Amino acid sequence: MRLRVPARRIVLFTALFAFALLIFLPLRLVLGQAGGPLDAREASGSVWSGSLKEARIGPAALGDLQARLAFLPLLVGQARFEIERPSGAPDRFAGAFSVS
């Protein structure tokens with residue numbers, strides 16, 4: 001018995017699988033591969049909305065931060081991470097860095 005799968009279904013499955021990988025991509029994977037100045041003891045969450053514990057830029061300690069990857073700069077080949085302290089923190093900190 002032979003199982004026949006139309007090519008359209010294979011293409012649709014492949015596209016949906018790639019889309020799901022992109023949506024649920026872990027922040028720790030992208031941060032490790034980016035090679036930028038930001039380092040953290042722990043990265044959790046997805047690349048679109050994650051958190052960093054004990055983040056550092058070089059010798060400067062930043063503390064716990066929320067991080068996300070901006071979508072539009074990806075279209076021109078840049079990975080732009082936007083970082084900020086959680087809203088309950090006593091001192092406000094927000095910034096961004098790009099890796100191309």
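Q: To start, what is the average pLDDT of the protein chain?
A: This is a predicted model, and the protein chain has a mean pLDDT of 83. A score of at least 70 is reached by 92% of the residues.

Q: And where is confidence lowest, and where highest?
A: The lowest mean, 76, belongs to helix α2 (residues 27–34). Strand β2 has the highest, at 89.

Q: Turning to charges, how many salt bridges are there?
A: The count comes to 5 salt bridges. One of them pairs Arg-41 with Glu-54, where the closest N and O atoms are 2.7 Å apart.

Q: Which parts of the chain does that pair tie together?
A: Arg-41 sits in the loop between β1 (38–39) and β2 (42–46), whereas Glu-54 belongs to strand β3 (residues 49–57). The pair therefore ties together parts that lie 13 residues apart in sequence.

Q: Is Arg-41 buried or exposed?
A: Arg-41 is exposed, because its relative accessibility is 67% and the cut-off for that class is over 50%.

Q: Beyond its sequence neighbours within four places, what is Arg-41 in contact with?
A: With those neighbours left aside, Arg-41 is in contact with Lys-53 and Glu-54. The C-alpha atoms of Arg-41 and Lys-53 are separated by 5.8 Å, although the two residues are 12 residues apart along the chain. With Glu-54, the side chain of Arg-41 also makes a polar contact of 2.7 Å.

Q: Moving on, which residue does Glu-82 meet in a salt bridge at 2.9 Å?
A: That residue is Arg-68, the 2.9 Å being taken from N to O. The pair links distant parts of the chain, with Glu-82 in strand β5 (residues 79–84) and Arg-68 in strand β4 (residues 60–69), 14 residues apart.

Q: What about Arg-80, which residue is its salt-bridge partner?
A: Arg-80 forms a salt bridge with Glu-82, and their closest N and O atoms are 3.4 Å apart. Through shared partners, salt bridges join Arg-68, Arg-80 and Glu-82 into one network.

Q: A change of topic: where is Arg-85?
A: Arg-85 is placed in the loop between β5 and β6 (94–99).

Q: Why does Arg-85 count as buried?
A: Arg-85 has a relative accessible area of 18%, and buried means under 20%. It therefore falls in the buried class.

Q: What does the side chain of Arg-85 reach at 2.8 Å?
A: At that distance the Arg-85 side chain reaches the backbone oxygen of Leu-62. Apart from neighbours within four places in sequence, the contacts of Arg-85 are Leu-62, Asp-64, Leu-65, Asp-91 and Phe-93.

Q: Now the aromatics. How many aromatic pairs are there?
A: The count comes to 3 aromatic pairs. Among them is a tilted pair of Trp-48 and Phe-71, at 6.4 Å centre to centre with 55 degrees between the planes.

Q: Where do Trp-48 and Phe-71 lie?
A: Trp-48 is in the loop between β2 and β3, and Phe-71 is in the loop between β4 and β5, so their pairing ties together parts that are 23 residues apart in sequence. Trp-48 is partly exposed at 26% relative accessibility, and Phe-71 is partly exposed with a relative accessible area of 48%.

Q: And what is the geometry of the pair formed by Phe-81 and Phe-97?
A: Phe-81 and Phe-97 are stacked, with 5.4 Å from centre to centre and 25 degrees between the planes. This pair also links distant parts of the chain: Phe-81 lies in strand β5 and Phe-97 in strand β6, 16 residues apart.

Q: Is Phe-81 buried or exposed?
A: Phe-81 is buried, with a relative accessible area of 1%. Phe-97 likewise counts as buried, at 11% relative accessibility.

Definitions and conventions. Residues numbered from 1 in each chain as written. Predicted model: local features only at pLDDT ≥ 70, side-chain atom pairs only at ≥ 80, totals over all residues. Heavy atoms only, no water. Salt bridge = Lys/Arg side-chain N within 4 Å of Asp/Glu carboxyl O. Helix = DSSP H or I, 4+ residues; strand = E, 2+ residues; numbered from the N terminus. Buried < 20%, exposed > 50% of the residue type's maximum accessible area, 1.4 Å probe, protein only. Polar contact = N/O pair within 3.5 Å; in protein donor to acceptor, adjacent residues only side chain to side chain. Contact = heavy atoms within 4.5 Å. Phe/Tyr/Trp six-rings, centres within 6.5 Å; stacked < 30°, edge-to-face > 60°. pLDDT = per-residue confidence, 0-100.
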